[in-house]
Amino acid sequence: MLEHAQAHGGLPDTKTRDLAGTHEQIVLDRHDVAFDVETSSTSSTSSSFDEKLQRSCSPTLVGDPDETDYDDAVAADKANVWHHMLNQRAAPDALMITSGKGLRVWDHRGKEFIDATSGGLWTVNVGYGREEIANAVRDQLLQLNFFSQNAANVPGARFAEMLTSKMPGMTRVYYSSSGSEANEKAFKMVRLIAHQKYGGKKHKILYRERDYHGTTLGALSATGQNQRRQGFGPLVPGFVEVPHCYEYRSQWGEVDDYGIRAANEIEKVILAEGPDAVGAICLEAITAGGGAIVPPSGYWERVQEICSKYQVTGLSGVRCAPLATSTPETTSCLLANTC
Ligand SMILES: Cc1ncc(COP(=O)(O)O)c(C=O)c1O
């Protein structure tokens, strides 16, 4: 089994700590478990599947609060983790962040950073080390740590009530674990509405050049950044691009009414695709990764008019306020993940 693990690059070469010894054993067990699942009755190990699974889920696996041997952790990261948005050949050691307090974080060498990116992805908006949040999470984990969404739970009901009370026109919340997943759900709803109300028509989803909507295949198909899409085709059919609204890189030179002009391009695409084919448009309220683009004045108003005219539902990406949906018919509950 050791050979099996080493062949898969799962073990660092040297281990000097006690904890490392434990970790090594667990890594081996994880391979054992995987091996057992694949080969079921042909397992060569003596302990039961349940015992192995229990050991493989031991808390020592998920990080030791007293961890000080960071060089070893860096080696473990390098050998075992795929950072899918880093060029690991160019910069093989990922930055290892080990703690945070307020708006500051520290790396494994003790270097202090002001975290201007809110967790690297605009998600830690309340800052680090908030004891009241840690306590509330701890209490809830002990009360009820998980149950699937086919049953209700109290915090879910209360939080949804709070969210909808703050967002007029929105009537339901769907909980998801990521922005990509939230967008997938919204796209599926558009398709479902197309089938149930329009005989399969109105299934196309427009997206804007430069916007980012996630890493799963559907969300990537709605992402207007070619570099991110390269190498992953064929993408999902039924997604159609509309021009960006980045005035600094104006497609029409200097114009007075850039915002309206950019929005009017959406109408052109709807007419070209056929208003009976277009069901929704997915837009970041402020394009983030594609250039921090705040739509110019007049843009949203014109987008809203166009959506109402052609009964096109507006979907908005994560980390932004959800866009009010456009027609009473198709509306009301398209709320992407708020992380
Ligand atoms: C606007 C927008 N939509 C979708 C996503 C995807 O979210 P996640 O990374 O949680 O899947 C992101 C992530 O950065 C985002 O900024």
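Residue numbers start at 1 in each chain, following the sequence as written. Since the model is predicted, local features need pLDDT of at least 70 and side-chain atom pairs count only at pLDDT 80 or more, while totals for chains, interfaces and linings use all residues. Helices (H or I, at least four residues) and strands (E, at least two) are DSSP runs, numbered from the N terminus.

**The two sheets**

Strands count as paired if DSSP finds at least two bridges between them. Angles run from 0 to 180 degrees between N-to-C directions, with axes fitted as lines to C-alpha atoms (for helices, over the stretch in contact).

| Strand order | Pairing | Sheet |
|---|---|---|
| S5-S4-S6-S7 | parallel | open, four strands |
| S1-S2-S3 | antiparallel | open, three strands |

Let's take the four-stranded one, S5-S4-S6-S7. S5 and S7 are its edge strands, each pairing on one side only, and the twist averages 30° from one strand to the next. S6 and S7 share four bridges in the parallel sense, and Ile281 sits opposite Gly314 of S7. H8 packs on this sheet, touching S4, S6 and S7, with its direction at about 165° to that of S6; touching here means C-beta atoms, placed from the backbone, within 7 Å.

Now the sheet S1-S2-S3. S1 (97-101) and S3 (112-114) each have a single partner strand, so one side of each is left without a neighbour in the sheet. S2 (residues 104-107) and S3 run antiparallel, joined by three bridges; Trp106 has Glu112 in S3 as its bridge partner.

**Helix H12**

H12 (residues 299-310) has 12 residues and reaches 17 Å from first C-alpha to last, close to the 16 Å expected (1.5 Å times one less than the number of residues). Which of its residues are buried? Tyr299, Val303, Ile306, Cys307 and Tyr310 are, where buried means 20 or more other C-beta atoms within 10 Å of the residue's own. They cover an arc of only 100° around the axis, which puts them on the same side of H12; the arc is taken from the directions from helix axis to C-beta atoms. Their cover includes H11 (258-273), S6 (278-283) and S7 (313-316). Just after H12, Gln311 takes a positive phi of about 50°.

**The core**

A nonpolar core is a set of buried Ala, Val, Leu, Ile, Met, Phe, Trp, Tyr and Cys residues joined through C-beta atoms within 7 Å. Of the 32 residues in the largest one, Ile205, Ile266, Ile281 and Cys282 touch the most other members. Among the elements that each supply at least two residues of this core are H8, H11, S6 and H12. Leaving aside residues up to four places away in sequence, Cys282 touches Ile205, Tyr207, His213, Ala222 and Leu315.

How values were computed
A residue is buried if 20 or more other C-beta atoms lie within 10 Å of its own, exposed if 12 or fewer, and partly exposed in between; C-beta atoms are placed from the backbone. Two residues are in contact if their C-beta atoms, placed from the backbone, lie within 7 Å.
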